[in-house]
Amino acid sequence: MPEQTASFDAVAFQADYQKFLGFLASTPRFRERREAVRQRMAPTPRHEVFREHSVTFYRYDRATPATVGTPLVVVPSLVNMPNIMDLLQGESFVEAMLERGFDVFMLEWGHPTAGQKHLDLEFYLRTYLGRAVRRAMRLANTDGVNLAGYCLGGTMALLYAALDARGAKQVKNLVTMVGPVNFEDRGLLSWWAKEEHFDVDKVVDTYGNMPAEFFSSSFPWLVPTANLTKARMVYERHEDEAFMESFLALDIWGTENTPFPGDLYREFIKKGYQQNVLVNQGEWPMKGGGARLADLDIPILNLSGQFDHICPFESCMKLDELIPDHPDLTSKHYPAGHLGIALGKDAAGNRTTLYWDEIADWLKARSPAAATA
Amino acid sequence: MAFNPFDFQKQMFVEFEKTMGEYLQKTMRDPEFMKLMARGMEGAMDYRSALRTQVEATFKTLNLPTEESQEKLFQTLHGMETRILDLEEEVQELRQSVLQGVQALSAATKALNDLRDGLRAASAPEEAGDERPSPGTPGEEAEKPGDTPQKPRENPKSGPSRSSKRGRKSGGSRA
């Protein structure tokens, strides 16, 4: 046994050297490990309800009847793959809501085709999301749905609910998870998208639909040293199977972006990031009549993460100021990052069911029980 | 103090990460850096546009489908797909309305049938009363419960009958 000297820690060196060799030995299997994790992503069984253009609407299978009468329609963001809402077993918002008695549906935006290049936000809301809501109501035999939107999906769910408030009133309760309302904030995205820095017309007119590479090459720069941090974490914890499973799943999700419909992207940048219409005008202008925040009268649960660098929490919490007289608006922020609420993890990466429990309890208090057969 | 090269390397890496992170964050918030990036992007977009124009012109010359024609085709197909789904929804709604109408009609029919059965049951005693012996038939009395007992009629052949408790209509005195 090597003796520890005053100038050279042989014991610690030997342990670290073994670890280093172990890491080198594991690198050839890294790709295989990554692919194996990919097969285990989006584990919750579901079936397709309808498909329209690139958009697919799914219903998640339940082993037992739902106990909550109003179905839950999940609206993910368009920027990344929607399986962040059902990443892995135990790290799945969808799975959590199913376990808590909800009949869960999800609208997946898919990869837009060339024919969707000119579709605007109003089309996306009224046609795709509207059809999804109506179909969920028919299948669940109810007169309304609960909407839960994540990130940009949260903003879209909010705007849809505002449109619906003047229309069919099919949205009964709304949950927005890290959904930006105020697009002018301290985050880098807001800075990059300013009119003087970013000619969105030129970019969209050139590309058409924004390619996935546009996002996968720019998003990592929101945290510039993210790749260095990832490399260090993999080196230190490559033997921890549970950590690596979660890490690789997130890496796959984070690096495999989806294309973004061209005119929709133009609209979000111009009206959102550059004109900040929701804050400055209180509505999102649309051809068929704007989505006005003041029209919202349904219960809203607005969640944000304290350490969210993509949608800073003050950007999400601005909703409180924009609709101060709302009869039932609950805003909460948690010590979590942008992905924490979807994955059920706090800022330190520890699993927690706090967010899901609170969302479920809040919805159950405002939804009827399911009718027994 | 004990020295471990791996610890030293880890510390160096962490310091590098921290310093690099701070420098890059500061750089990306620098307006001059943003101007540089904007010019770079503009140049890239101009080049791409020029390339696309050339490719489109070449495809047109070769009579091959261009991106624009393919987009139009997709838009037509998407329009048709949306219309079909809209029609499907309308059919479902119609089906639902018809089903509700049929159910309502079925319930109404049942209610009418119940009413008819009730009326028939109520008129049934009158029909049964027509089949019984008519009043005046000798020696016979009506015995239906609730019926008022009929006064027996005199038999002309048998002599004066004992008067009933009700008395005779003729009012003759008793012997």
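Helices, like strands, are runs assigned by DSSP and numbered from the N terminus, a helix having at least four residues. In this predicted model, Phe59(B) lies in helix α2 of chain B, which covers residues 31-61.

**Chain B and its surface**

- Read along the sequence, the elements of chain B follow the pattern α-α-α, and of its 175 residues 10% count as buried.
- The accessible surface of chain B comes to about 14,800 Å², and carbon and sulfur atoms account for 59% of that area.
- A nonpolar patch on the surface is formed by Tyr47(B), Leu51(B), Val55(B), Phe59(B), Leu62(B) and Leu64(B), which together have about 580 Å² of accessible area.
- Phe59(B), one of the residues in this patch, counts as partly exposed because its relative accessibility is 32%, a value that falls between the limits of 20% for buried and 50% for exposed.
- Thr58(B) also lies in helix α2 of chain B, and Thr58(B) is partly exposed because its relative accessible area is 39%.
- Although Thr58(B) and Glu90(B) are 32 residues apart along the chain, their C-alpha atoms are separated by 46 Å.

**Where chain A meets chain B**

- The contact draws 48 residues from chain A and 40 residues from chain B, and the area buried between the two chains is about 3,900 Å², with 60% of it given by carbon and sulfur atoms.
- Within the area that chain A buries against chain B, His53(A), Trp191(A) and Thr206(A) supply 14%, which is more than any other three residues.
- Between chain A and chain B there are 18 residue pairs in polar contact, counting pairs in which both residues are at pLDDT 80 or more.
- Several elements of chain A each supply at least two residues of the side that touches chain B, including α1 (10-26), β1 (46-52) and α9 (226-237), while α4(A) gives the most to this side, with 6 residues.

**Salt bridges between the chains**

- Side chains of opposite charge can pair when their charged atoms come close.
- The count between chain A and chain B is 7 salt bridges, and Lys117(A) forms a salt bridge with Glu71(B) in which the closest N and O atoms are 2.6 Å apart.
- A network of salt bridges links Glu52(A), Arg131(A) and Arg134(A) with Asp86(B) and Glu89(B).

**Salt bridges within a helix**

- Over all chains, the count comes to 39 salt bridges.
- In chain A, Glu35(A) and Arg38(A) form a salt bridge with the closest N and O atoms 3.0 Å apart, and both residues lie in helix α2 (residues 30-40) of that chain, 3 residues apart, or about one turn of the helix.
- Glu35(A) is partly exposed at a relative accessible area of 33%, and Arg38(A) is partly exposed at 27%.
- In chain B, Lys72(B) forms a salt bridge with Glu68(B), the closest N and O atoms being 3.4 Å apart; these two residues are separated by about one helical turn because they are 4 residues apart in helix α3 (residues 67-129).
- Asp114(B) and Lys110(B) also meet in a salt bridge, at 3.4 Å from N to O, and they too lie in helix α3 of chain B, 4 residues apart.
- Asp114(B) counts as partly exposed because its relative accessibility is 43%, whereas Lys110(B), at 53%, counts as exposed.

Note on methods
Residues are numbered from 1 along each chain as its sequence is written. Chains are lettered from A and ligands numbered from 1 in the order in which they are written. This is a predicted model: local features need pLDDT of at least 70, side-chain atom pairs count only at pLDDT 80 or more; totals for chains, interfaces and linings use all residues. Side-chain values use heavy atoms; hydrogens and water are left out. Patches are made of residues with over 30% relative accessible area and no salt bridge: like charges are joined within 9 Å, nonpolar side chains (Val, Leu, Ile, Met, Phe, Trp, Tyr) within 5 Å. Accessible areas come from the Shrake-Rupley method with a 1.4 Å probe; for residues, only the protein chains shown count as cover. A salt bridge is a side-chain nitrogen of Lys or Arg within 4 Å of a carboxyl oxygen of Asp or Glu. Buried means under 20% relative accessible area, exposed over 50%, partly exposed in between (1.4 Å probe, protein chains only). Contact means heavy atoms within 4.5 Å. Buried area is the accessible area (1.4 Å probe) that two parts lose on being put together, summed over both. A polar contact is a pair of N or O atoms within 3.5 Å; within protein, one must be able to donate a hydrogen and the other to accept it, and residues adjacent in sequence count only if both atoms are side-chain atoms.
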